[in-house]
Amino acid sequence: MYELTVRSRFSAAHSLCGYPGDCARLHGHTWTVQIKVEGEKLDSLGMLVDFKELKKQLSLIIDQLDHRLLNELPGFREQGINPTAENLAYYIYQTLKQPVTDLQQGIRLKEISVWESPDAYATYWEER
Ligand SMILES: Nc1nc2c(c(=O)[nH]1)N=C([C@H](O)[C@H](O)COP(=O)(O)OP(=O)(O)OP(=O)(O)O)CN2
Ligand SMILES: [Zn+2]
């Protein structure tokens, strides 16, 4: 098996409704998002999939999140879901799952990790 990893960053604000502390107040982070894909077969260039293609997919979702109030995103606002690192990792996974599969035959989205700070991150994946 091969595994590829691509990372990017964005800045955005959030508040955690019901949190018993200062995270309930509006505040911001420079978030890091990491995407991992996996697959077995390399193409004739020796690539599982071009990093450039993965970066493109990642930048599409980053553009939706950058300099936003994350609580107002569709998917969080209507359902009153807190934009925690966990929920963001799930949201990004669901958004990228199909587009990544469509990039190249035989590859799948393995996991999404979201860092709120250099020392704290959450990862979401689905069992095969
Ligand atoms: N499991 C989770 N726990 C917390 C989350 C989260 O998304 N998942 N989020 C928060 C808040 O967003 C908070 O802003 C982050 O707090 P913290 O990690 O403590 O970061 P600080 O920048 O405040 O760093 P300090 O080390 O506390 O100064 C809280 N928990
Ligand atoms: Zn926070």
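Colleague: What is the make-up, by class, of the shell around ligand 1?

Modeller: In this predicted model, the shell around ligand 1 has five nonpolar, three polar and two charged residues. The residues around ligand 1 are Leu16, Cys23, His27, Thr84, Ala85, Glu86, Glu116, Ser117, Ala120 and Ala122. Two or more of these residues come from each of α2, β3 and β4 (120-125).

Colleague: How do you know that Glu116 is partly exposed?

Modeller: Glu116 has 17 other C-beta atoms within 10 Å. A residue is buried at 20 or more and exposed at 12 or fewer, so Glu116, with 17, is partly exposed. Glu116 sits in strand β3 (residues 108-117). Leaving out residues up to four places away in sequence, Glu116 touches His29, Trp31, Ala85 and Tyr121.

Colleague: Which residues does UniProt place under "active site"?

Modeller: The UniProt record, an unreviewed entry, places that feature at Cys23, His67 and Glu116. The annotation may be inferred rather than shown by experiment. Cys23 and Glu116 are also among the residues that surround ligand 1.

Colleague: Why is His67 called exposed?

Modeller: His67 has 10 other C-beta atoms within 10 Å. The limit for exposed is 12 or fewer, so His67 is exposed. His67 lies in the loop between α1 (51-65) and α2 (85-103). Not counting residues up to four places away in sequence, His67 touches Ser11 and Ala12.

Colleague: And what makes Gly18 exposed?

Modeller: Gly18 has 7 C-beta neighbours inside 10 Å. With the limit at 12 or fewer, Gly18 therefore counts as exposed. Gly18 is in the loop between β1 (2-14) and β2. From Gly18 to Ala122 the separation is 104 residues in sequence and 20 Å in space, C-alpha to C-alpha.

Colleague: Why is Gln64 partly exposed?

Modeller: Gln64 has 14 other C-beta atoms within 10 Å. Exposed needs 12 or fewer and buried needs 20 or more, so Gln64 is partly exposed. Gln64 belongs to helix α1. Gln64 and Thr30 are 34 residues apart in sequence, and their C-alpha atoms are 15 Å apart in space.

Colleague: Which residues have the most contacts inside the largest nonpolar core?

Modeller: They are Val33, Ile35, Val37, Ala89, Ile92, Ile112 and Val114, in a core of 20 residues. At least two core residues are supplied by each of β2 (27-39), α1, α2 and β3. The most come from α2, with eight residues. Val114 touches Trp31, Val33, Ala85, Leu88, Ala89, Ile92, Tyr121 and Ala122, again leaving out residues up to four places away in sequence. In soluble globular proteins, nonpolar side chains tend to be buried together.

Colleague: How do you know that the radius of gyration agrees with a compact globule?

Modeller: For 128 residues, a compact globule would have a radius of gyration near 14 Å. The protein chain has 16 Å, which agrees. Along its principal axes, the C-alpha trace spans about 50 × 25 × 25 Å. Of the 128 residues, 20% count as buried.

Colleague: What pattern does the protein chain follow along the sequence?

Modeller: The pattern is β-β-α-α-β-β, from two helices and four strands. Among contacts between residues at least 6 apart in sequence, 65% join residues at least 24 apart.

Terms used:
Residues are numbered from 1 along each chain as its sequence is written. Chains are lettered from A and ligands numbered from 1 in the order in which they are written. This is a predicted model: local features need pLDDT of at least 70, side-chain atom pairs count only at pLDDT 80 or more; totals for chains, interfaces and linings use all residues. Two residues are in contact if their C-beta atoms, placed from the backbone, lie within 7 Å. A residue is near a molecule or strand if its C-beta atom, placed from the backbone, lies within 6 Å of it. Ala, Val, Leu, Ile, Met, Phe, Trp, Tyr, Cys and Pro count as nonpolar, Asp, Glu, Lys and Arg as charged, and the others, Gly among them, as polar. A nonpolar core is a set of buried Ala, Val, Leu, Ile, Met, Phe, Trp, Tyr and Cys residues joined through C-beta atoms within 7 Å. The radius of gyration is taken over C-alpha atoms; the globule rule is 2.2 Å times the number of residues to the power 0.38.
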